[in-house]
Amino acid sequence: MSKIERQGLTRRALLARSAAAGALVVTGAGFLAAPDAAWAMEVSVISEHQMATLIQMARDIYPHDRIADQFYAIAVKGYDADDKKALVEEGVAALDAAAQAAGHADYISMGWEEDRVSILQAMEDSGFFQTVRGGLVTGLYNQKDVWPIFGYEGESFSKGGYIERGFDDINWL
Amino acid sequence: MVAKFDLTDDSVVVVIGTGAGGGVVSNELAQKGVKVVALEAGGRYLPEDYINDEWESFGQLAWTDPRTTSGDWRVAKDFSGLPAWIVKAVGGTTIHWAGASLRFQDHEWKAKTTYGEIEGANLLDWPIDAEEMAPWYDKAEAKLGVTRTGDRAGLPGNNNFKVLEKGAKALGYEEVHTGRMAINSADYDDRMACQQTGFCFQGCKWGAKWSAAYTDIPRGEATGNLEVRDHAHVARILHDDSGKVTGVEYFDRDGNLQMQKARIVCVAGNSFESPRLLLNSASEMFPNGLANSSDQVGRNYMRHMTGSVYAVFDKPVRMWRGTTMAGIVRDEARHDPSRGFVGGYELETLSLGIPFMAAFLNPGAWGRSFTSALDSYENMAGLWIVGEDMPQATNRVTLSDVKDQWGLPVANVNFSDHPNDVAMRNHAYAQGEAIYNAVGATRTFPTPPYPSTHNLGTNRMSEKPEDGVCNKWGQTHDIANLFISDGSQFTTGAAENPTLTIVALAIRQADFIAREMAAGNI
C-alpha cells in the first residue's frame with residue numbers, strides 16, 4: 001500500500017494538493033495532513049480550506065524556509081474555535097476574493113509567494129491580518145521546538161550556564 | 001525574626017514599593033533601628049523561582065496591570081498598553097535589570113548650566129553635585145558589589161562583547177571594557193560568581209547579580225524592624241488638616257481595603273506609579289494631588305534616549321551566551337555639542353532570545369526582510385544605546401480614563417522625542433553600525449526603542465519648590481513627612497543606567513530620614 005493510500009486521500013484532496021504543490025493536503029472529513037504524512041490536524045469549527053489558508057497565510061507573513069508546516073499549523077490552530085469562526089470566515093473569504101480578482105482559484109492556489117504577499121499587503125491594516133500577525137509573534141516564535149532551527153539554545157541554568165560551554169568561544173574575529 | 005506591625009501603629013515609616021529605591025531605603029532604615037512597613041503590589045519570587053524563558057518569565061514578573069499611552073513615540077503604537085517593561089514583585093525591577101552600575105559624570109548633575117537653554121527642554125540643575133554624591137556612590141558600589149570598583153575585578157567578556165570590542169577598537173574607541181556591573185566576577189557578600197548563563201533579564205538564578213529581592217529585603221527583615229507586605233496595592237496616601245501625611249490605604253491580597261498609619265511615607269513605585277499615586281491622592285486640601293503645588297507631579301518623564309543595533313555576520317556569534325549586558329563603549333558618553341546634540345550616550349551589549357527578538361527587532365514588521373534577519377539569529381551581535389534624553393514638561397504621566405482592577409484611574413504615559421533625542425539616536429545608530437561594519441557585518445538593524453526600562457523624572461528634585469516636587473533629600477517641598485525614594489526624583493537622566501544612582505540616593509535618604517526622626521524634626 002502506498003503512503004498516499006495509507007493516508008486515505010480523496011481524489012478531491014489530491015487535486016487540491018496538485019494545485020498547491022508542496023503545501024498541505026486537505027483530506028476531507030475535517031482533517032489536514034502534511035504531504036509526507038509527518039503530521040495531521042483535525043478541524044471542527046472552521047473548514048479544512050480555511051485552516052489550510054490560515055497556515056499558508058502564516059507562512060507568507062513569517063516565511064522561514066527551514067520551518068516545517070506543522071509549526072505554522074500549531075501557531076494558528078487556536079483559530080479553530082467558535083469565537084474565531086466569524087473572523088476566519090470573513091478573512092479567508094477576503095483573501096480568496098482578492099485571489100480570484102487576480103485570476104486565481106483561491107489564495108492557496110496562487111503559486112508565487114510574492115503574489116500572495118501583494119494580497120496581504122493590500123489588507124495589512126485589517127483586523128484579520130493584524131490579529132493573525134500579532135498572534136504569530138508568540139504562536140510561532142515561542143514554540144520551543146522551533147528554537148533549535150534558529151540555533152537558539154533556550155534554557156541554560158540546568159546545564160550550569162555557559163561558563164564552561166562556550167560563552168567566549170568565538171574563533172573568527 | 002520578621003516584624004509584624006499593627007495597622008494603627010503610627011510610629012512606622014511606610015515605604016511604597018520595594019525596588020532599587022524602596023527596597024534599599026527600607027533595609028537602610030531597618031538597619032538603623034527605624035520601624036518600616038514596606039507595601040509591595042507584587043508577589044515574592046526568589047532565584048529558585050526565576051524562569052529561563054522570556055515570555056514565561058515576563059508572565060511571572062512583569063507589571064501587566066493596565067496603563068495607557070499617547071504621544072508620537074513608537075511604543076504607543078506597537079505596545080500601547082505596555083509603556084514599560086518593569087517588574088511587579090518584591091525587589092521590583094532589580095530582579096530584571098541588567099546590572100550596569102555607572103556613576104553620573106560630574107557635569108551631568110548640572111545639565112542646565114552645562115548645556116544651556118535648549119528650546120523645548122525643561123532642563124534644570126540637580127540641587128546636588130558629584131562631590132556630595134561621591135561617598136554615597138562608594139556605599140552603593142560596595143552594596144551592589146560593582147565590578148571594576150573597589151578591588152573587584154571585571155567580568156570575563158563573552159562572544160557578544162568580543163565582537164563589540166573588536167569593532168569599537170577598530171574605530172578608535174578607547175574606553176571599551178566589560179563594564180561596571182553589579183554581577184559578581186568572584187564570590188562576594190554571600191553571593192556567588194556569574195556562571196555566564198544569560199537570562200539576566202529574567203532574574204539571576206544564581207543570585208550572582210545584585211537584586212534587592214534576595215539581599216536588602218531579607219537583611220532588613222532579619223533586623224526585626226522591617227515588615228514587607230506583598231500583594232499590597234496602595235490606593236491613596238492620607239493626610240490630616242495640617243497637611244502632614246498620616247497613613248496609606250491599600251488593597252490587600254484578598255482585595256480588602258486596609259489603612260496603615262504612618263509617621264513618614266516614602267513613595268517608590270517607579271516613575272509611573274509614584275506620580276499616579278500622588279495624583280490619585282487628591283483631596284479637598286490638595287485638589288491637584290499631593291505635593292503638587294508646583295504642578296510638576298507627573299511632568300518631565302524621561303526614559304533615556306534608547307535604541308539598539310543588531311548586526312549579522314557570516315559566522316556564528318551566539319550572543320545569548322553569557323552575561324546579557326556584557327560590555328560597554330563609553331567614549332560617546334561625553335558632552336560634545338560638535339556632534340549635533342547635547343549630552344552623550346553609552347553603547348552596551350545586549351542580547352534577546354528568539355521569542356523577544358521576534359517581538360522587538362522591528363515590531364509590526366513581517367515578510368522576508370524581517371524573517372531573513374531572524375534566520376541569521378545565530379550569527380547576530382547586538383548592542384543597546386542608552387543616552388541622556390531631554391526633560392519636557394509635556395512628557396508626562398497623567399490619570400487615564402481607564403481604571404484598574406481596583407477601580408483606580410491608571411497612569412497615562414505621554415511621550416514624544418525631543419529633537420536632541422532624535423539627533424543623538426541617529427548618531428548612535430550610525431556609530432553602532434560602524435562598529436559592526438568594522439568587524440565585517442553583512443547586515444545591520446537600527447532597532448527602535450523597547451518599552452521603557454529606565455523610567456525617570458515625574459517627581460523631580462529641585463532647589464526651588466516651584467521647579468519640582470522634592471528637595472535634595474527627596475523630601476517633598478510641600479509635605480515634610482512625604483518622600484520620593486525612586487527614580488522619579490531624577491532632575492535629569494544623565495547617560496548612565498540609573499540603578500546605581502537610585503541606590504546611592506536611597507542610602508543617603510535613609511540616613512537623612514533617620515537623623516531627622518532622631519532630631520524630632522519629622
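Helix α3 (residues 48-61) of chain A and helix α4 (residues 69-76) of chain A pack with their axes 9 Å apart and at an angle of about 110°, where axes are lines fitted to C-alpha atoms, for helices over the stretch in contact, and angles run from 0 to 180 degrees between N-to-C directions. That angle makes α3(A) roughly perpendicular to α4(A), a label given to angles of 65 to 115 degrees, with under 35 counted as roughly parallel, over 145 as roughly antiparallel and the rest as oblique. On the side of α3(A), the contact is made by M51(A), L54(A), I55(A), A58(A) and R59(A), and on the side of α4(A) by D69(A), Y72(A), A73(A) and V76(A), contact meaning heavy atoms within 4.5 Å.

This is a predicted model, in which local features need pLDDT of at least 70 and side-chain atom pairs count only at pLDDT 80 or more, while totals for chains, interfaces and linings use all residues. Residues are numbered from 1 along each chain as its sequence is written, chains are lettered from A and ligands numbered from 1 in the order in which they are written, and side-chain values use heavy atoms, with hydrogens and water left out.

Chain A as a whole comes to eight helices and three strands, arranged along the sequence in the pattern α-α-β-β-β-α-α-α-α-α-α; helices (H or I, at least four residues) and strands (E, at least two) are DSSP runs, numbered from the N terminus. Of the 173 residues in chain A, 47% are buried, buried meaning under 20% relative accessible area, exposed over 50% and partly exposed in between, with a 1.4 Å probe and protein chains only.

In chain B, helix α2 (residues 54-61) has E54(B), S57(B), F58(B), Q60(B) and L61(B) buried. Seen down the axis of α2(B), these buried residues fall within an arc of 160°, so they line one face of the helix, the arc being that of the directions from the helix axis to the C-beta atoms. The buried residues of α2(B) pack against α9 (354-360) of chain B.

Two loop residues of chain B can be followed next. N184(B), in the loop between β4 (176-177) and α7 (216-222), is buried, with a relative accessible area of 2%. Leaving aside neighbours within four places in sequence, its contacts include G145(B), L155(B) and R191(B). A480(B), in the loop between β16 (443-447) and β17 (482-484), counts as partly exposed at 41% relative accessibility, and touches Q475(B) and I522(B), not counting residues up to four places away in sequence.
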